[in-house]
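Dear colleague,

Please find the structure below, which I am handing over to you for your further work. My findings follow it.

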Amino acid sequence: MAVAKPASPAASRLDGLTRPPGGGWLGAARDAALSRLQGMGLPAPRDEYWRFTRPADLNAAAPAPAAPVESAEAEALYDGTDRLRLVFRDGAFDAEASDALTGEGLEIARLAEAGGTDIHWAADLYGALEADGQSPVPRPFAALNTAHATDGVLIRATAAVSRPVEIVYLHEDAASDPILHHVIRVEEGASLTLLETGTVGARCNTAMEVDVASHGAFHHIRDQGRAHARRTNTHAFARLGGASVFKSFTLSLNGALTRNEHVVAFTGNDATAHVACAAIGDGRQAPMHHDDTVFITHDAVNCESRQVFKKVLKNGAVGVFQGKILVKRGAQKTDGYQISQALLLDDDSQFLAKPELEIYADDVACSHGSTTGAIDEDMLFYLRARGVPERRATDLLVLAFLAETLEEIGDEAIAESLRQRLSTWLDRHAG
Amino acid sequence: MLEIKNLQVKLEEEDKQILKGVDLTVEAGKVHAIMGPNGSGKSTLSYVLAGRDGYEVTGGSASLLGEDILDMDPEARAAAGMFLAFQYPVEIPGVGNMTFMRTAVNAQRKARGEEEMSSAEFLKVVRARAKDLQIDAEMLKRPVNVGFSGGEKKRNEILQMAMLEPKLCILDETDSGLDVDAMKLVAQGVNALRSPDRAFLVITHYQRLLDHIAPDVVHIMSAGRIVKSGGPDLALEVEKNGYGDILKESA
């Protein structure tokens, strides 16, 4: 009988990584991140922010294999929406499948080629927002990402860019373990929509640093794919200037382990940040665990933050929500809203929520709520009494439950594509 | 059309008998009214016929067009022609009223092996019928019953009835919470649907709805049984003298 080695995972993942090539500013940023990482070490199950999600799979030297399911789906999701596509195949940039790295109002470069060049705006940001986001809560995998990311895209929007940029992830290798790091700078008054689509790899670690200057707008719409055994670990760090807008929506289907962290800091007044996620999982074929961890810091006046997180769980699927709103002294007129809800379709599934508010200003409106419930029997009967079969009625109610998150997407065509994707998932997971 | 024989029903979770042997036959083309004091079992009868959970049939039978319905799922009963206009229509946030009605219409058609209605055809029909009930485009767009007034909810029930074209329509206290104008509108909607091959069972506390929806037969229900049946005059008698005399007489 094979005996598993005693776990010393923290050492093993770090030992297995080698520093990617690339000197200059990138090398310096990596060195700094590595020393941050060494300072905090990898997470242990007793760490406050890892109590509900076991870090072992992310700490392990090699990923557990994950069968790919859906390259074609990811590629076709937004057919009908004109977009600039950048394709990563198991973390490796596929130049042939990608569009040219140019677009009106855009500067785009690849991280893998950026080390020796003087891309000053990226040099100022790479690892900087991540470093800021390490306090008060350490995020070791984000530091690991900054230190070891092999590639990613650096995008600067200098105007209102109408054509979305899509990063398409194709997962074809059951043992891939990519680490990607993207840096986005939206200049004053500029705007950009970024789509991230598909499963990045069998196990992945992606980080995104987003700096939105005053009156800029950034829209992020992500579909994390539906591979059952995928282990997905993401961080999004945002720094928001005055009167800027940041909106991030994530759709996550299945996944043995998904941990999405959002760290948003308001540094200018009158800005808006909306973060939303719809996660749906069926634990019948494989375990499903989805964790949303959010930290929003209000350090400016009259900013609005809104968190809408909903999960639909069945057959032993597990959902986690850890969301915090920190309102610093002086951040008056803050409007902070947070809702996290789970719809449990059976008794085996569970939802663990830790909403937190920490407020040091006295003229603010902050609210949060968290609910866990089953399908409403009265609604179900009403639908069935009109002739809608039970399964279809349940699907309608599931979609209705998730609708509030999809409303966070500004673009109706994109929202409709994701609604369709949800319906298809429901059809596939009937019964 | 509807044939109920000695129907006995108790609450599933409690040892409480609600219906103690109901006998009722409703013929095609007729309007039957059931009146009775609070707690007599009128609403329970409507729920049991529609197939709601929480009740246990302990005896008797109920059939619709000759088909035993008590073992059927609610959706199968609906497809067979049963429609219950709810006393308290349920709000369903996130499900558009139009989506809901179109899903229901096509689910029933599919269950009966009929061709589904196209979006264009559905839209045309629903607009025309909504107009008759003074239901505006905004109400059709909103989530099912969310933010509707009491009268709007009841009109929405009648609109669903008009779209689904059931064989047997059960109206459970459709008059409750309606002002006179709204009641007239609802009654007009119901009367427009009266036809030789459709039957109605109107459950109400008061006679006033029956001024607008003229019944062929009136039944008085009390303590889980139908204790008296008669013509439209019976409703007038209740209105004038209350239930007291009738119940005494039948005891």
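Chain A has an average pLDDT of 93, and 97% of its residues score at least 70. An exception is the stretch of residues 1-10 of chain A, where the pLDDT is below 50. In the model this stretch has five contacts beyond near neighbours in sequence. Where pLDDT is low, the predicted coordinates should not be read in detail.

Turning to the interface, 18 residues of chain A are in contact with 32 residues of chain B. The two chains bury about 1,900 Å² between them, and carbon and sulfur atoms account for 68% of that area.

Polar and charged pairs also occur across the interface. There are 10 residue pairs in polar contact between chain B and chain A, counting pairs with both residues at pLDDT 80 or more. Four salt bridges are found between the chains. A salt bridge joins the side chains of A:Arg386 and B:Glu157, at 2.7 Å from N to O.

On the side of chain B that touches chain A, the elements giving two or more residues are helices H1 (42-50), H2 (74-79), H3 (97-111) and H6 (150-164), together with strands S6 (82-85) and S7 (92-96). Of these, H3(B) gives the most, with six residues. By class, this side of chain B comprises 19 nonpolar, seven polar and six charged residues.

With kind regards

Notes:
Residues are numbered from 1 along each chain as its sequence is written. Chains are lettered from A and ligands numbered from 1 in the order in which they are written. Side-chain values use heavy atoms; hydrogens and water are left out. Contact means heavy atoms within 4.5 Å. Buried area is the accessible area (1.4 Å probe) that two parts lose on being put together, summed over both. A polar contact is a pair of N or O atoms within 3.5 Å; within protein, one must be able to donate a hydrogen and the other to accept it, and residues adjacent in sequence count only if both atoms are side-chain atoms. Helices (H or I, at least four residues) and strands (E, at least two) are DSSP runs, numbered from the N terminus. Ala, Val, Leu, Ile, Met, Phe, Trp, Tyr, Cys and Pro count as nonpolar, Asp, Glu, Lys and Arg as charged, and the others, Gly among them, as polar. pLDDT is the predictor's confidence in each residue, from 0 to 100.
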